[in-house]
Amino acid sequence: MLPNTIQWYFPTTVKEATKLIQKKGIILHGGGTKILEPQPRGSIKGLVDIGSLGLNYVKAVGKTIHIGSGATFADVAQFCRKKNILTMLGNSLGSAASTPLRNRITIGGSLKDFPMWSNLYAPLLALEATIEITGERAGVFSLEHYAASTLIKSKHLIKEVRVSEKKHLRCGVKAFHVVRFEYPIFNIAAALTMRENIVQNARIYITGVKKKFLRLESAEHAIRGKSITDETIDKAAGQISLTFAPDYKFSSGYKERMARVYFKDLLCEIQQGIV
Amino acid sequence: MKIPFSINSAVYELELQPHETLLTVLRNHGFTEVKSGCEEGECGACLVLLDEKPVNSCQVLAMSVRNKHVRTVKGIGTLYVPHVIQKAFAQRGADQCGFCSPGMVIATFSLLREHPNPTREQIAEALDGNLCRCTGYVKIIEAVEHAAAELRNTKL
Amino acid sequence: MPQQNCEIQNCNGKVMFKYVNKPIEKIDGLALVTGEEHYTNDFSFTNMLHVSVLHSPFPHASIDNIDDSDARAMKGVVEVLSYKNVNRILYTTAGQGFPEPSPYDTVLFSDVMRFVGDNVCAVAAESKETADRALAKVKVKYRQLKAVLDFEKAEGSPTIIHENDGAFPKIPVYYDASKNIAAKVEAEIGNFEEAYNKSPKKFENEFYVPYASHCAIEPHAAVSYLDYRGRLVIISSTQVPFHVRRIVSAVAEIPISKIRVIKPRIGGGFGGKQEVLLEPIVALMTWRTKRPAKLVYTRKEVFTSTRTRHQYKTTFRVGYESDGTINALHLDALENSGAYGSHALTVLANAGSKTLPLLNKIQNLKFTGKGVYTNLPVGGAYRGYGATEAYFGYGQIVDIVCEETRNDIVEYYKKWAIKAGETSPIFKALGEGKEGVAMTVTSTSLHECLDAGATLSDWYQKKKLYTADFNKGKRVKKGIGMAALMQGSAIPEIDMASAYMKMNDDGSFNLLVGATDLGTGSDTVLAQIASEVLDTPVEKIIVTSSDTDHTPFDTGAYASSTTYLSGQAVKKCAGSIKDQIVKVGANLLSLPVTDVEVDDGSVVPSQSSKQKNHGKVTFAEICQSSFYQKNQLQIQATASHVSPKSPPPFAAHFVEIEVDTFTGIIRVLHYVATVDCGTPINPTLAEGQAQGAIVNGIAYALFENYYFSPQGILLNDTFGKYGMLTAHDIPPITVKLVDSYEESGPFGAKSVSEININGALPAIANAFYNATGKRLFRAPFMPEYVLSVLQKG
């Protein structure tokens, strides 16, 4: 529960907002669902509402799609569906959580918090997204670098995330859960650059593992330069080594097995053009 | 503090504290048609339309609603002038205990505005944030289809 | 009173009705879907206090001291209740008839905490936030004790959960708290051991089913205030208003005559609100402070601190012949009662009484069962009430016998299931904690249900198709399975319902019933019954229900009793009203009573009489005359009903599934349920009950469970962590009502609210066997467990 002494700020420029969050206990408020979770007492003193910063855009500029940090999952999913681009990203976000939550969860909030069940990171990492932030360490970074470094914990405001449309890209994403309503145990996304059915380049990421996310480099290596057949898929799956934390519903061994199963299923689906 | 809110096409001055959710503020001011089922954004009983988009009001901080328009189920139809969707729900037995019904009506209203001829898949997706333990959803889905057909017919 | 025959039969002998067996819209339907209707939390009063409850963080602890002085010193805190200022009175929270068959082992605020979630103390403050913050200021000195967290190790454990606390059984039944036994039931027909040992074929299997939460979308809530004459009024989301009144009186030490309990709309119950939990707390707060008080549980509190489905282990021993004849069957049940014993005995008895009579020709039957205490959340009433827990095994052992003896299970049920005119000695042997009531089945369409279900599910074609060969080598295997079911309708010779009706001068009627509509639509169903008797539209029946000051007694909404029992009280009552109307009408028409009849809201000369053109007199005219003009009287009547029997509804469930053998995930492809509830008073509502119960049953079979930490803390205490089915996950569900006619029920009705939750567990498990050749013995069928079963040699 937030304290009833909480201060609200409604800045109209990114510069103003960035300055505000440099103070201790002042954080950004986009969709607001994360900050409603139990917090250590006194940790949040003020909320900076990003609603007036004009960051809720999703637009294509040339071959690059710019997604403002204030855009919601629903905004992005609708954009992808309408323009018929970045289908994998649209599908992943379009099936995350629930309809009303998708109308509130912001890209920025989800990128900064990076929950274990995130539907957002795996597809963005596979698509080689970059992120632009302001604050202590302003700049444009690869999303992978942002997520793995201390950048993600710094006092920053996310302006936007960018994804480039690439030719010959075949992508897909799968989330593992038993019932639709549950938080996914993991998300696995693959973006393959194909030429005449041969894999030129592969980016395959899984989120939900102990280390939060993992690039399946050895699996990528196993399919590079080859066509996707049952044999290559099996071999690639055999290369996968990852660790999940167990929880009360599933053992880590089961999760690891399922990651392999879903990896294979995903590649099959990409090969068959189902995705 | 007192903040003006636009709710169901009228403006109200509501007393609220800066940390309160939209759900709490609405219910404190008599909008009891917005229900509290879990306060965790999971059951959908607290659904309202915020600038015409369905959201869980228990997950929205009231202060951030300024300059936005809120619509509760009574802003869609009332007991005295019920909406086609509400009539379809009542006629088809889509309401048993009725606790999830306001949320279901809101989700349906939003769906049919975007997809006047929805597929089962689209209906299921639109209702994916509304839990019901009484009906098993079967008659709810039938009511949505029935309401969609009614609305399409009356437009002709 | 003379009972007029209001059933018109067409030339085929099938009974035709005007208002009954009609899909009439619920009388509160529009008010519900427009958000107009009020639930308990929608009522607020001036000067109202908000209550929060502190729950035990330990599974078993003695409270050495509570110091609430810091909490009381907080601005806005008005009262704190704990064992220090609330008299220690033993009772049961179970909403059952008095004397309750559940042990009196609960104290409102005890100095011993027996599960994580038990009530330490309650705070009333000016705002909910203040009350919540005040809880943290109450200083509690706990002394932790050893906890019993495994129900299979509870009996005879050195840790005694109710040790020297004076807990006792209210009715003379077996009870041994020193061994952690909350309940014990035994019954035997014939000689099981002998027949079992002599049988050429036999097997023994253990089945486990988990804890579950009702997940009614409305959390438990209660509000209380003092009216202008200082009487206590409680508004509560309860299935049992009259039991609430009696139990609050005992626990809060307030005379019954000073208490009024009102049930407004309820947002679902499913048995979870057949329990007196919040009301004594708000009652005491109001009684002491003289101010209104409201307590609404959070979802987490509903999960841990209300009631649950009982965790069960059932062991079946079956001895049979090579032709499939079962000689001997022993069902042994071990029930995890949790920290207190509410419903422990009766759920246990029902595990046997709602299953074993189905196969009534088995000569040697044994039922043994124990309910044990553990330091875990408390089991209570949950739709199915022991039958659900037992059908998991019962439905599978029939499948096992059929598979082993090459019998088609559908034909098997047709041969061996109880038929009209037959009885089972179990009816008498197993009652609600004491002896039951002997009875004969007088209505069943189970045969027709079995046939209809087989047709609708393509049973024979699919059974033939989904052979081992078909599924061989396939990643996703398909199978079909079925189970036949029975339940009961009300508790015979114990539960009573009553109704009161009075007429108004526009020809409308007030129908006052104690019966509790928790979303089941009983207000509408009872109005339909009254309409049918009086031959007047449902809009003319104004229903008031569940207000202990205004409506006559009804035990409440449980045991599938409202349509069958309360309905019969309404039918009798309306019959009395009709007699009075006819009398006045005849007088106004100057005709003998025998020459008139009721027709569409008027009294008219009967068809057979010679005065066909004598005119008619409307109900409105009759009442106006009775109010104002001559022989003035208020046309009114009251009636009560107790049933001498509990006629079982029957059902046959056919479920087609597929199982992904790589992930272990089971998906239901098609669920067919054919249901015999006698005459469905409202077919739409009856179907709705079936559909809702089926979806709940599927969820319970596939994933519902309570996961506890080693310290007895519930880990998955939110909808998201517990898991719920949404419109996205439901399979195609086909429900077909196959009517029968039960003479003892109103217009032939039985009941429908519980039975259909019992089919998913056995039918899905049987379908799994069909698909894979392996049996599932543990529910829920989580994917990892399924994989382990598939991998076993």
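Before you click anything, one rule: two strands pair if DSSP finds at least two bridges between them. You're looking at a predicted model, so local features need pLDDT of at least 70 and side-chain atom pairs count only at pLDDT 80 or more, while totals for chains, interfaces and linings use all residues. Residues are numbered from 1 along each chain as its sequence is written, and chains are lettered from A and ligands numbered from 1 in the order in which they are written.

**Stop 1: a sheet in chain C**

Select residues 496–503 of chain C: that's strand β21. β21(C) runs antiparallel to β27(C), with seven bridges joining the two. To see one of the pairings, pick C:Lys502, whose bridge partner in β27(C) is C:Gln636.

**Stop 2**

(Axes are lines fitted to C-alpha atoms, for helices over the stretch in contact, and angles run from 0 to 180 degrees between N-to-C directions.)

**Stop 3: a helix pair**

Hide that and select 409–416 and 446–456 of chain C, which are α10 and α12. They pack at an angle of about 170°, with axes 10 Å apart. α10(C) and α12(C) are therefore roughly antiparallel (angles over 145 degrees).

Which residues of α10(C) and α12(C) meet? C:Val410, C:Tyr413 and C:Lys414 of α10(C) face C:His447, C:Leu450 and C:Ala454 of α12(C); contact here is C-beta atoms, placed from the backbone, within 7 Å. The set divides into four nonpolar, one polar and one charged. For the classes, Ala, Val, Leu, Ile, Met, Phe, Trp, Tyr, Cys and Pro count as nonpolar, Asp, Glu, Lys and Arg as charged, and the others, Gly among them, as polar.

**Stop 4: where chain C meets chain B**

Colour by chain. This contact takes 47 residues from chain C and 46 residues from chain B. On the chain C side, α1 (29–33), α18 (683–702) and α19 (719–722) each give two or more residues. The largest share, eight residues, comes from α18(C).

**Stop 5: inside chain B**

Chain B is divided into domain 1 (2–75) and domain 2 (84–155), with bounds from an automatic or database domain assignment. Their centres, taken over C-alpha atoms, are separated by 21 Å. In chain B, 14 residues of domain 1 are in contact with eleven residues of domain 2. On the domain 1 side, β3 (47–50) and β4 (53–56) of chain B each supply at least two residues, and β3(B) gives the most, with three residues.

**Last stop: chain B against chain A**

Keep β4(B) selected and bring chain A back. The contact takes 20 residues from chain B and 18 residues from chain A. β4(B) gives the most to the chain B side, with four residues.

Technical notes. Contact = placed C-beta atoms within 7 Å. Parallel < 35°, antiparallel > 145°, perpendicular 65-115°, else oblique.
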